[in-house]
Structures are given as C-alpha cells and as structure tokens.
Amino acid sequence: MRSVLLPLHIIAGTLGMLSGFVAVFLRKGSRQHALAGKIFVIAMMALSVSGVYLALMKSQPGNVLGGTLTFYLVATAWLTARGSEQKTGIFDWSAFLVILAVGVIEVTCGLEAAASQTGLKYGYPPGPYLFMGSVALLAATGDIRMLVRGGISGTQRISRHLWRMCFALFVAAASIFLARQHLFPAFMRKSGALVFLSMLPLLLLIFWFVRVRLANVWERTGLRNRKEPLLGGPQPSLSVR
C-alpha cells in the first residue's frame with residue numbers, strides 16, 4: 001500500500017501546487033478558474049488523505065494533524081464557494097468540531113515541545129505546532145461565526161473561500177520547495193527562490209484579501225454617494241439601461 005500511495009502523494013502534491021498557482025492568477029469566476037480550482041481541490045484532497053495514511057503508517061502524529069488541517073481547509077473552502085449562502089448543516093458542525101480538536105492538539109503539542117528537554121515533540125519544535133494550531137483555531141473561530149449566523153454571504157463568503165484555498169496552496173508549496181530543497185539546483189537554494197515560492201501563496205492571500213475588502217468599501221461608498229438627495233434637490237433618474 002505504501003508503494004502505491006507514496007507516488008500518488010507526490011503526484012497529487014505537484015498537481016495541486018501547479019493548479020493552485022494557475023487558479024490564483026486566473027480571472028475569478030471564469031471557466032478556466034473554475035476548472036483549475038476543481039483540479040486543485042481533487043489533488044489537494046488526494047494529497048492530504050494519502051499524507052494522513054502514510055503518517056499513520058510511520059507513526060507521525062504531527063503530519064496526521066497537518067494533513068487533516070489541509071483537507072479541512074480545502075473542503076470547507078470548496079463548499080463555501082458552491083454551497084448556499086444562508087444555510088448550514090451537519091457537515092459544517094462536524095468540520096468545526098474536527099478543526100477545533102486539531103487546533104487544541106496542535107497548540108498542546110507546541111507547548112509540550114517547548115517544555116521538553118529536547119525542545120521537540122514527535123520530531124518537531126514548538127514553532128510549526130503553534131503556527132498550524134493558530135491557523136486551525138482561527139478557522140474554528142470563523143466557523144463559530146458562520147454557525148451562529150446560520151450561514152455566510154457577501155464579502156465574508158469570498159474572504160473565507162480565498163484565505164482557506166490560499167493557505168492550502170501554501171501547505172502544498174512549502175511541502176515541495178521548503179521540505180525538499182535537496183531536489184532543486186544549488187542556485188535556487190542559495191538565491192532564496194525556494195523560500196519565495198513557498199511564501200508566495202501567503203503574499204497572494206494578503207493581496208486578494210485586501211483587494212476584496214477594498215472593493216467592498218468602494219462599493220459601499222458608491223452606494224452612499226448614489227443615495228437620494230434632500231427634498232428640493234435634483235432627483236436621480238430611475239430608468240434602467
């Protein structure tokens with residue numbers, strides 16, 4: 001089984017990384033973006049599921065948590081884009097409970113690693129645990145807000161989809177460019193190109209997040225400017241063009 005899953009894991013990670021970068025740079029809402037997004041979702045789900053299984057075989061709890069987080073991010077981001085704006089279901093509650101557990105376990109492992117004599121927990125230092133745990137708890141916080149409101153819509157819906165997809169892309173990129181630097185030429189390692197490619201999804205996340213937020217502000221400003229003036233002033237045209 002391992003001999004079958006390992007090549008699948010590698011191929012899925014590579015395909016997920018490539019399709020993810022293509023989807024990020026394509027026009028949102030276009031047919032090409034949707035196709036690249038579907039490939040990314042399928043590849044990342046295959047990557048995370050095979051990664052969790054391989055980690056269980058190798059007794060690597062840290063990678064089990066990371067694979068679960070990645071699967072959760074991709075699945076919830078995809079459903080956010082395709083699901084109903086004002087409806088939540090059993091999957092949303094189940095996903096919230098899973099990611100809350102992942103976040104608590106990640107932070108606990110980070111604290112235990114910091115307090116241990118070796119500074120490690122299951123082979124990892126505190127940093128990765130605390131970083132991934134913070135992301136998981138941030139996602140859980142977003143789930144709580146969505147569940148309390150009974151759904152999500154508008155700018156919040158777009159933001160939820162974008163940041164989860166971009167962070168999943170970061171996981172794929174970092175798994176290739178940072179975790180396996182020995183596979184790349186020396187000039188790429190020395191020039192910092194591998195670090196840049198790993199961090200690029202996070203930079204794109206910030207770019208799109210700011211752009212979506214600013215677009216919302218501009219839209220609200222435009223609506224205020226188009227409000228009906230005081231009585232006695234010129235009246236706006238109601239014709240439809």
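This is a predicted model: local features need pLDDT of at least 70, side-chain atom pairs count only at pLDDT 80 or more; totals for chains, interfaces and linings use all residues.

Visitor: OK. How many helices and strands are in the protein chain?
Guide: The chain has 8 helices and 0 strands. Read from the N terminus, the elements go α-α-α-α-α-α-α-α.

Visitor: What share of the contacts with a separation of 6 or more comes from residues 24 or more positions apart?
Guide: That share is 69% in the protein chain.

Visitor: Let's pick a helix pair. At what angle do the axes of α4 and α5 cross?
Guide: They cross at roughly 155 degrees. Helix α4 covers residues 90-115, and helix α5 covers residues 126-149. Their axes come within 7 Å.

Visitor: So are they roughly parallel or roughly antiparallel?
Guide: Roughly antiparallel. Angles over 145 degrees count that way, and therefore α4 and α5 qualify.

Visitor: Is that crossing left-handed or right-handed?
Guide: The α4 and α5 crossing is left-handed.

Visitor: And how do the residues of that contact divide?
Guide: Where α4 meets α5, there are 23 nonpolar residues, 3 polar ones and 3 charged ones.

Visitor: New topic. How many salt bridges does the structure hold?
Guide: It holds 3 salt bridges. Side chains of opposite charge can pair when their charged atoms come close.

Visitor: Which residue does Glu-112 bridge to?
Guide: Lys-121. Their closest N and O atoms are 2.9 Å apart.

Visitor: Is Glu-112 buried or partly exposed?
Guide: Partly exposed. Its relative accessible area is 38%.

Visitor: What about Asp-143? Which residues are linked with Asp-143 in a network of salt bridges?
Guide: Arg-160 and Arg-164. Take Arg-160 to begin with: the closest N and O atoms between Asp-143 and Arg-160 are 3.0 Å apart. Asp-143 sits in helix α5 and Arg-160 in helix α6, residues 154-177, so this pair ties together parts 17 residues apart in sequence.

Visitor: How far apart are the closest N and O atoms of Asp-143 and Arg-164?
Guide: For that salt bridge, 3.2 Å. This pair also joins distant parts of the chain, with Asp-143 in helix α5 and Arg-164 in helix α6, 21 residues apart.

Visitor: Are Asp-143 and Arg-160 buried or exposed?
Guide: Both are buried. Arg-164 is buried too, like Asp-143.

Visitor: Thanks, that gives me a start.

How values were computed. Residues are numbered from 1 along each chain as its sequence is written. Side-chain values use heavy atoms; hydrogens and water are left out. Axes are lines fitted to C-alpha atoms, for helices over the stretch in contact, and angles run from 0 to 180 degrees between N-to-C directions. Helices (H or I, at least four residues) and strands (E, at least two) are DSSP runs, numbered from the N terminus. Angles under 35 degrees count as roughly parallel, over 145 as roughly antiparallel, 65 to 115 as roughly perpendicular and the rest as oblique. A crossing is left-handed if the near helix is turned anticlockwise from the far one by less than a right angle, and right-handed if clockwise. Ala, Val, Leu, Ile, Met, Phe, Trp, Tyr, Cys and Pro count as nonpolar, Asp, Glu, Lys and Arg as charged, and the others, Gly among them, as polar. A salt bridge is a side-chain nitrogen of Lys or Arg within 4 Å of a carboxyl oxygen of Asp or Glu. Buried means under 20% relative accessible area, exposed over 50%, partly exposed in between (1.4 Å probe, protein chains only). Contact means heavy atoms within 4.5 Å.
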